[in-house]
Amino acid sequence: MIQQRPWTIDPDLDVLNFEPDDIEPSIPLKKVPAGDLFEAARAGDVDRLSYLIESGANVNSRDRWDSVALYYACLAGHLDAARLLLQSGAICSEHTFDGDRCHYAALNLRVRKLLKAYEARPPPLGPLQGALRDTFLSCVPNRDSIAGHPLSNDESSSHYFPPDIVFFVQGRPIEAHRVILGARSPFFKKRFEEKWKDRQEVRFAREKLSYNALYSLIHFFYSDRLEVAVDDMEDLLEICKVCKCEALRKVLEKDIIHQKYAEYKALREVDNSQKRFILQGMSLPEQDRLPASLQCILQCSHLESSRRNSDVVIQKETWVSGDDLADVCIIVDQKLFRCHQVILASRSEYFRARLSRMADFLEGKDGLPGHSLPLLEEHDLSAETFEKMIEYMYTDGLTCIDPEQAEEIFDAASRYLLFPLKRAAADVLLPHLEMVSPAEICHWLIISDMYGVLKIREYCLDSIACNFETFANALEFRALLLVLPPLSGDSSLRTTLPSAPGAGGKTDQANLLDDLREKWLEAEAAELDKRDESAALFDKRAKIFSFSRSFVLTVR
Amino acid sequence: MSHQKKRAFNFKIETFKRYGVELDLKYAKKTWKLLEHAIHEIYNHKASGLSFEEHYRNAYNMVLHKYGEKLYSGLVATMTWHLKEISRCIESARKWGDHNMALQMIRDILMFMDRTFVPSSHKTPVNELGLNLWRDNIIHSSETQRRLLNTLIDCVNKERTGEFINRGLIRNIVKMLMDLGPSVYQQDFEKPFLEVPTNFFRAESQHT
């Protein structure tokens, strides 16, 4: 007798491995040089997509059909585009309206698998939290405690910055940095100022102190994200009481009661060992989150610094360690800043290299042995800009910058490899650009192209393209055209990419004038033949300008 | 193209005065001289007299003003010159540690180029470049290659016959070959190395 099997999807399909040929699209992906987020996602134009995301587009925004960009990428089966969107924080949970549509629309199993892989993942951390978390996990003992952590060996070693304190709990080490613990907990701060001042390691003898609980707390201190097994919550609560982490303690207390009721209600015995409690920093009051804590430390350091700056000559005694836990002094423009190595190193690769190379090069040796701090000097930078920059490094926030100052901040962000700062500064600058003269727009276009500030560059190009006639008559715009490299004449398969190094584009292909042409055509909004006409018109005008270029040169 | 660029830079317009230094070609040349000097000093173990900040800033300014190509090709030329020097002296394999040390310092000074110019123009990252140059100039220079292999095989044979050898040296050399990439290890060492014991044990078996 033939047994009738119910029809099911072959479970093996889920792990089907495709040949590389199957993944490659049969026709080359379309490029949409001027498309918005949705067009780029639909076309699978990853370059354009990353450019838009970099310039600050919201990946979860909906278009007039109420669809998100991820929906289009899934529908068309563009894996790379979908992955990029997911990595940038696109929502894909099946329980949400947008996520459900993405799952439903997914072209094939590979797309579905990708969505599934990202579904369980918590939203991406902020730049500050992410950087500090990487530093924490780059310490080998800390990483080992998370089995199967995705960081590979070389990836994590590039974030490594040596710890200045090691705890031993139940015989297992946890490596940490004083300033982070001190900023988050009054208990640790007091200890580091007094009892543990010169200690390299602290051993906890008490059997009751749980390694897992302390590890989750310290991990929370760095990343603003708490992840703890439900079984360890009681232990964690005890530690919070000792460490005086009041906000966290309240949340935990509440939740432990919830857990108890859940156990009452459950008919069967609940196995808590698998369950984990996850808390995002966002659910705590603002003053208890990481940026606010570091802001406090920073203010404390500023106070110390300015107290010492008031001495006319900076004397050797002025950089002895104080109660702000600072471990390095930086002099900018003859002003002294007391800073914390681990934060500078986590945020900027430049400082990581510089601080760990102090012994190899000339710097940092002026400090006296004993209690004095190493001293570094930075040139070509104003003290105000440096102050803004470290404020950003500590808090991820940038407040009240002067438009005059923005250029210097772009320069600092580039030089110190602090790329997210460019975007933050661009956000502050952008409203100011709405009421400036054509001359100033030209100025900002040059600046933003040079430093790769995509958002500003895009805005300037848009504004020139939309008001082309006004600009064509402006002297500054003509002067600008004279210094730019001419049109490349090649408009096929090109996306708008800035020429600045580090902007993620191909430097050799970037051309401001080409991009302006593209924008102009977009503003004219003509299709097909009309578009060609417009393009010819633009080229003609550009030729006139370039004629005047050679004219000026011959005259010279 | 380069002509065009040069022209663009010589063209100064007062309204676009930039904060900091404006680099023209002359300045770029001067800056590169400073950096070249720094690389030499690093190879000569005199880095403790150099300012990290100053040289990083110089390299940053060069890349920012589109002289990345000049910086990169200059680096390749200078490093090749040093490795050629090293390959001439007798204990070149022992200089491996020095080269590695210098390479890391150079990489840190030129970090801005490594992060921005190198990926955008599809060049080899500085670290990898240093290893490749070492491989091409030292390991693959015919003289060294033969001597290195002979020494290694000789040492292993000596130990097989009961003599004392410098194991630390062997370990370092093999590690170096591994660091240079599995292909270097396989081609330059493993293949000939595996042929030798065949002969050795054949001879041994005929003795008894």
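## A three-stranded sheet

In this predicted model, chain A has an open sheet of three strands, ordered β2-β1-β3, with mixed pairing. Strands here are DSSP E runs of at least two residues, numbered from the N terminus, and two of them pair if DSSP finds at least two bridges between them. At the edges sit β2 (172-176) and β3 (201-204) of chain A, each pairing on one side only. Ignoring direction, neighbouring strands of the sheet are turned by 20 degrees against each other on average.

Strand β1 (residues 165-169) of chain A runs parallel to β3(A), with four bridges in the pairing. Within it, A:F168 stands opposite A:R203 of β3(A).

## An antiparallel pair

Strands β4 (residues 225-229) and β5 of chain A pair in the antiparallel sense over five bridges, and A:R225 stands opposite A:Q280 in β5(A).

## Two helices crossing

Helices (DSSP H or I runs of at least four residues) α22 (residues 438-451) and α23 (residues 454-466) of chain A have axes that come within 8 Å and cross at roughly 145 degrees. Those axes are lines fitted to C-alpha atoms over the stretch in contact, and angles run from 0 to 180 degrees between N-to-C directions.

On the α22(A) side the contact (heavy atoms within 4.5 Å) includes A:I441, A:W444 and A:L445, and on the α23(A) side A:I456, A:Y459 and A:I464 are among the residues involved.

## The nonpolar cores

A nonpolar core is a set of buried Ala, Val, Leu, Ile, Met, Phe, Trp, Tyr and Cys residues joined through side-chain atoms within 4.5 Å. The largest has 183 residues, and A:F167, A:F351, A:F410, A:I456, A:F477 and B:M113 have the most contacts inside it. Helix α13 (residues 211-223) of chain A gives the most to this core, with nine residues.

Leaving out residues up to four places away in sequence, A:F477 touches A:C442, A:I464, A:F468, A:F471, A:A472 and A:L516. A second, separate core of 32 residues includes A:V59, A:A69, A:C74 and A:A82.

Residues are numbered from 1 along each chain as its sequence is written, and chains are lettered from A and ligands numbered from 1 in the order in which they are written. Local features need pLDDT of at least 70, side-chain atom pairs count only at pLDDT 80 or more, totals for chains, interfaces and linings use all residues, and side-chain values use heavy atoms, with hydrogens and water left out.

Note on methods: Buried means under 20% relative accessible area, exposed over 50%, partly exposed in between (1.4 Å probe, protein chains only).
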